[in-house]
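Keep the viewer handy and click along.

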Amino acid sequence: MRSPVNASLPTERKRWPAVAALGSAQTLAWASSYYLPAMLAGPMARDTGVSMPTVFAAFSVALVVSALVGPWAGRSIDRHGGRPVLMGTNLVFALGLAALGLAQGPVSLFAAWALLGLAMGSGLYEAAFAALVRLYGAQARDPITGITLIAGFASTVGWPLSALLETQLGWRGACFTWAALHLLLGLPLNALLPAAARPPAPPRAGASVPTAPAEAVPAPATPRPALTAALLAYVFAATMFVSTAMATHLPQLLQAAGTTLAVAVAAGALIGPAQVAGRVLEFGLLRRVHPLLSARLAALAHPAGAALLLAGAAPMAMVFAVLHGLGNGIMTIAKGTLPLALFGHHGYGVRQGWLALPARVTQAAAPFVFGLALQRWGAGALWLSGALGLSAGAALWLLPRERPAARRVSAPPAPVRSPPPAPDRQA
């Protein structure tokens with residue numbers, strides 16, 4: 001017979017409808033926000049009378065706003081579960097996209113992107129990961145991988161659809177269509193998420209604390225938790241900088257390394273499939289190992305590719321793209337699973353918000369900073385991204401796994417048939 005706590009958790013078969021719904025909602029959220037400027041920035045700039053850099057500056061403001069909103073959104077998910085928060089973000093996404101479609105100049109453009117930043121901070125991966133952890137506790141690793149597998153196709157869906165909508169309806173019509181999709185599709189998808197159970201009340205002062213099974217145990221005891229959190233925040237910030245820099249400057253970088261434009265485009269097209277392949281690898285082989293090992297391997301993939309590209313120039317462009325994509329795909333999952341493994345699921349949402357805050361800031365700065373490096377150093381800008389990847393890998397090697405005592409506590413409990421006798425007090 002299963003223990004009462006484990007019996008209360010959804011079985012693996014029952015989780016996947018929620019994962020499919022949330023993954024589809026995440027695909028919509030990413031396609032209509034993060035991947036929107038790539039297709040619409042040009043016509044948006046022409047129609048509102050601003051320059052292209054101004055449009056991307058407004059997008060950077062949205063990323064900064066999302067960083068500031070993250071901890072609040074995580075705390076709300078910890079308290080109320082992911083369903084009401086994510087459904088609320090669909091309304092904010094729709095409002096922000098509608099405001100963007102109505103923008104007439106720089107002020108309204110920045111205001112609309114700031115509104116979208118509120119939705120992004122409470123409706124993208126960090127919030128989705130927190131929603132899954134709130135539902136499934138320490139067993140959320142596979143569901144987290146599942147939604148990243150689905151939402152990994154957000155650019156594959158979003159870029160062509162935005163381009164098609166812009167051709168048929170104009171960029172304003174594209175924004176209005178995305179807004180309608182949040183109301184007609186995203187809102188019902190997030191409504192399919194199970195309601196989260198009410199969090200247990202903290203024990204009264206002086207009350208005895210019984211020995212609890214795995215899922216009721218507090219967060220794993222991580223040595224030096226403040227240092228661990230600081231190192232994790234640095235890892236996420238450094239890898240997010242590299243990921244965003246490559247997303248915005250990869251064709252120019254590869255051409256600076258000696259490739260033709262056609263080869264640069266072909267290499268860039270490999271990154272998406274490589275990211276999905278990395279997530280499949282995590283879901284298959286790497287799910288059997290600690291997330292810390294997965295993250296270490298992921299952090300070193302970009303520096304390895306950068307070294308090959310610097311040494312071999314143009315012939316290594318494809319290899320570089322595949323290695324970068326593999327590492328980026330696995331690291332996306334590690335950003336959700338590694339804090340869960342090191343700190344546990346109690347307070348996961350607000351912790352995830354704080355850990356992601358520096359990453360959102362570096363994400364906003366990466367296009368400008370790496371663009372300057374590329375302009376000044378050419379292919380030598382790879383020394384910057386490679387060094388950041390190596391430093392992230394070094395920080396991960398400094399991270400300790402949870403103490404042995406915590407691992408013993410988190411082992412599956414022995415089956416019980418009836419309420420046990422009065423338990424011993426924990427030490």
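**Ground rules**

This is a predicted model, so to speak of local features a pLDDT of at least 70 is needed, side-chain atom pairs count only at pLDDT 80 or more, and totals for chains, interfaces and linings use all residues. Residues are numbered from 1 along each chain as its sequence is written, and side-chain values use heavy atoms, with hydrogens and water left out.

**Overall build**

The protein chain has 17 helices and 0 strands. Helices (H or I, at least four residues) and strands (E, at least two) are DSSP runs, numbered from the N terminus. Of its 427 residues, 52% count as buried. Buried means under 20% relative accessible area, exposed means over 50%, and partly exposed is in between (1.4 Å probe, protein chains only).

Contact here means heavy atoms within 4.5 Å. Among contacts in the protein chain with a separation of 6 or more, 85% come from residues 24 or more positions apart.

The table gives the packing geometry. Axes are lines fitted to C-alpha atoms, for helices over the stretch in contact, and angles run from 0 to 180 degrees between N-to-C directions.

| Helix pair | Angle | Axes |
|---|---|---|
| α10 (residues 225-256) and α11 (residues 261-269) | about 130 degrees | 9 Å apart |
| α14 (residues 317-343) and α15 (residues 348-377) | about 125 degrees | 11 Å apart |
| α8 (residues 141-151) and α12 (residues 271-284) | roughly 160 degrees | within 10 Å |

To put words to those angles, under 35 degrees counts as roughly parallel, over 145 as roughly antiparallel, 65 to 115 as roughly perpendicular and the rest as oblique. As for handedness, a crossing is left-handed if the near helix is turned anticlockwise from the far one by less than a right angle, and right-handed if clockwise. Residue classes work like this: Ala, Val, Leu, Ile, Met, Phe, Trp, Tyr, Cys and Pro count as nonpolar, Asp, Glu, Lys and Arg as charged, and the others, Gly among them, as polar.

Take α10 and α11, which pack at about 130 degrees. That angle makes α10 oblique to α11, and their crossing is right-handed. On the α10 side, L250, P251, L254 and Q255 meet L261, A264, A267 and G268 of α11. By class, this contact has 6 nonpolar, 2 polar and no charged residues.

Next, α14 and α15 are oblique to each other, and they too cross in a right-handed way. Here K335, G336, P339, L340 and F343 of α14 meet Y348, R351, Q352 and L355 of α15. The class count is 5 nonpolar, 2 polar and 2 charged residues.

Then there are α8 and α12, which are roughly antiparallel to each other. α8 passes α12 in a left-handed crossing. The contact is made by R141, D142, T145, T148 and L149 of α8 with V276, R279, V280, E282 and F283 of α12. Sorted by class, that gives 4 nonpolar, 2 polar and 4 charged residues.

**Aromatic rings**

A search of the whole structure turns up 7 aromatic pairs. Rings of Phe, Tyr and Trp (its six-membered ring) pair if their centres lie within 6.5 Å; planes under 30 degrees apart count as stacked, over 60 as edge-to-face and the rest as tilted.

One of the pairs is W30 with Y125: the ring centres are 5.0 Å apart and the planes sit at 50 degrees, so the pair is tilted. W30 lies in helix α2 (residues 12-31) and Y125 in helix α7 (residues 125-136), so the pair ties together parts that are 95 residues apart in sequence. Both W30 and Y125 are buried.

Y34 and Y35 make an edge-to-face pair, 5.1 Å centre to centre with 90 degrees between the planes. Y34 and Y35 are buried as well. Ring pairs link W30, Y34, Y35, F59, W113, Y125 and F129 into a cluster.

V235 is in helix α10 and counts as buried, at 0% relative accessibility. Leaving out residues up to four places away in sequence, V235 touches A392, A395 and L396. V235 and A395 are 160 residues apart in sequence, with their C-alpha atoms 6.7 Å apart in space.

G272 belongs to helix α12 and is partly exposed, with a relative accessible area of 29%. The C-alpha atoms of G272 and V322 are separated by 8.9 Å, and the two residues are 50 apart along the chain.
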